[in-house]
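Here is a protein model to explore. Keep the sequence and the 3D view side by side as you read.

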Amino acid sequence: MRVLVAMSGGVDSSVAAARAVEAGHDVVGVHLALHQDAQQTREKARGCCSLEDAADARRICDKLGIPYYVWDFSERFKEEVIDDFVDSYAIGETPNPCLRCNEKIKFRALLEKGMALGFDAVATGHYATIDDEGYMRRSPDQNKDQSYVLGVISADELAHCMFPVGDTPKPQIREEAARYGFSTAAKPDSYDICFIPDGRTQAFLGRSIGMRPGMIVDKNSGEKLKEHDGAWNYTIGQRKGLDIKTPAADGRPRYVTDIDANTGTVTVGSREDLRIQTIGADRLKYLHPAMEGELNCLVQVRAHGSVVPCRAVVDREADSMHLDLQEPLSGVARGQAAVLYMPTDDGLGDIVLGSGTICSTGS
């Protein structure tokens with residue numbers, strides 16, 4: 001089998017490539033150049049995709065004796081991830097750019113080009129597994145499970161995916177990399193948003209969206225508490241950085257409970273006001289035939305968030321679903337993904353049913 005391995009320059013993709021070679025596949029490594037700023041290095045950036053990462057990926061491929069290429073997806077990354085990130089904040093959503101990068105770039109774009117060049121599959125260092133029936137499962141390493149951020153790919157894309165390290169706990173992957181003599185064995189995991197290397201998200205959004213003044217309003221009293229420079233400064237569930245001088249009537253902390261980008265109104269309330277019992281989602285992705293009609297399942301709304309039981313009503317024709325949560329969730333924002341899971345008792349991890357993008361919530 002001809003396998004294209006997405007080489008991020010980290011330890012996970014390094015071992016994924018080594019395992020693909022050991023399995024007897026015809027392996028080629030490719031690093032995705034996602035940034036037009038060719039000077040970006042890990043010394044300045046806390047995310048992935050730096051020049052240092054590209055060099056690390058090349059060294060691993062040389063050590064494995066496999067071809068190595070760099071594919072420039074920077075223009076597509078800007079249009080489909082960075083611009084989408086900015087546009088989502090501009091309409092009051094809180095997007096997950098890493099999730100959209102997986103959806104639009106690391107799988108769709110990579111698969112399109114890889115399949116056109118005659119590859120049979122794309123392998124990545126993500127922590128998830130694919131069972132004998134071709135369905136995605138959670139990784140047994142619960143601390144590293146990445147099935148949530150993979151829940152936005154399609155079933156057709158999944159059919160051409162491999163996750164060689166997904167069945168192994170992360171500490172063992174590092175030990176395996178050390179046995180291979182890989183320089184990435186002790187390399188720290190990437191974090192933060194790769195296209196905001198200094199980690200100052202609000203400053204980036206301010207430059208991209210511009211000043212859009214509005215008011216911070218108390219949910220319960222309707223009192224106008226403060227003028228702000230832009231609703232993009234705030235996210236649902238935020239407590240710090242509100243800088244409201246007058247205390248709440250009950251003296252308890254305030255949290256952002258709603259954002260209306262059209263009027264610029266940011267609503268604040270109590271912790272209890274953050275609790276929601278229903279979720280509406282659209283832009284559905286299907287990874288299992290059970291995601292249809294009415295079903296009982298589990299839902300996860302953040303990469304490392306709580307998983308709660310729910311009753312889902314999926315309308316494929318309308319491209320929407322409604323979720324009634326059996327336990328309340330807090331701080332759920334529009335623009336995040338709701339990924340559905342089918343619990344199992346076979347020891348292989350919950351099955352990923354599919355996902356939707358959250359467009360509404362209710363108490």
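## Ground rules

This is a predicted model: local features need pLDDT of at least 70, side-chain atom pairs count only at pLDDT 80 or more, and totals for chains, interfaces and linings use all residues. Residues are numbered from 1 along each chain as its sequence is written, and side-chain values use heavy atoms, with hydrogens and water left out.

## The annotated binding site

UniProt, in an unreviewed entry, lists a "binding site" at Ala6, Met7, Ser8, Gly9, Gly10, Val11, Asp12, Ser13, Leu32 and Gly125. UniProt positions follow the numbering used here, feature names are shortened, and annotations may be inferred rather than shown by experiment.

Take Ala6. It sits in strand E1 (residues 2–6). Strands (E, at least two residues) and helices (H or I, at least four) are DSSP runs, numbered from the N terminus. Ala6 is buried, at 16% relative accessible area. Buried means under 20%, exposed over 50%, and partly exposed in between, using a 1.4 Å probe and protein chains only. Beyond four places in sequence, Ala6 is in contact (heavy atoms within 4.5 Å) with Ser13, Val30, Leu110, Ala123 and Thr124.

Leu32 belongs to strand E2 (residues 26–33). Leu32 is buried too, with a relative accessible area of 9%. Its contacts, leaving aside neighbours within four places, are Trp71, Phe73, Ile105, Lys106 and Leu110.

Is Asp56 buried or exposed? Asp56 is buried, because its relative accessible area is 6%. Asp56 lies in helix H2 (residues 51–64). Not counting residues up to four places away, Asp56 touches Gly9, Ser183, Thr184 and Lys187.

Arg137 is found in strand E6 (residues 136–138). Its relative accessible area is 6%, so Arg137 is buried. Which side chain does the side chain of Arg137 meet in a polar contact? The partner is Asp131, at 3.0 Å. A polar contact is a pair of N or O atoms within 3.5 Å; within protein, one must be able to donate a hydrogen and the other to accept it, and residues adjacent in sequence count only if both atoms are side-chain atoms. Other residues in contact with Arg137 include Ser147, Thr344 and Asp346.

## The C-terminal domain

An unreviewed UniProt entry gives residues 278–358 the annotation "domain: tRNA-specific 2-thiouridylase MnmA-like C-terminal". This stretch is 0% helix and 63% strand. Its end C-alpha atoms are 11 Å apart.

## A pocket and a cavity

On a 1 Å grid over the protein atoms alone, a cavity is a set of points where a 1.4 Å probe fits but cannot get out, and a pocket is an open set with protein on both sides within 12 Å along at least five of seven lines; lining residues have an atom within 4 Å of a point. Grid points are joined across faces, edges and corners, and a volume is the space filled by probe spheres set on the points.

The second largest pocket has a volume of about 270 Å³. Its lining has 16 residues, and Thr257, Asp258, Asp273, Ile276 and Thr361 lie nearest the centre. Strands E10 (255–260), E12 (275–286) and E17 (351–362) each supply at least two lining residues.

The structure holds 1 cavity of 30 Å³ or more. The largest cavity has about 30 Å³ of space. Its lining consists of Asp84, Ser88, Glu93, Pro95, Arg100, Arg283, Gly335 and Thr357.
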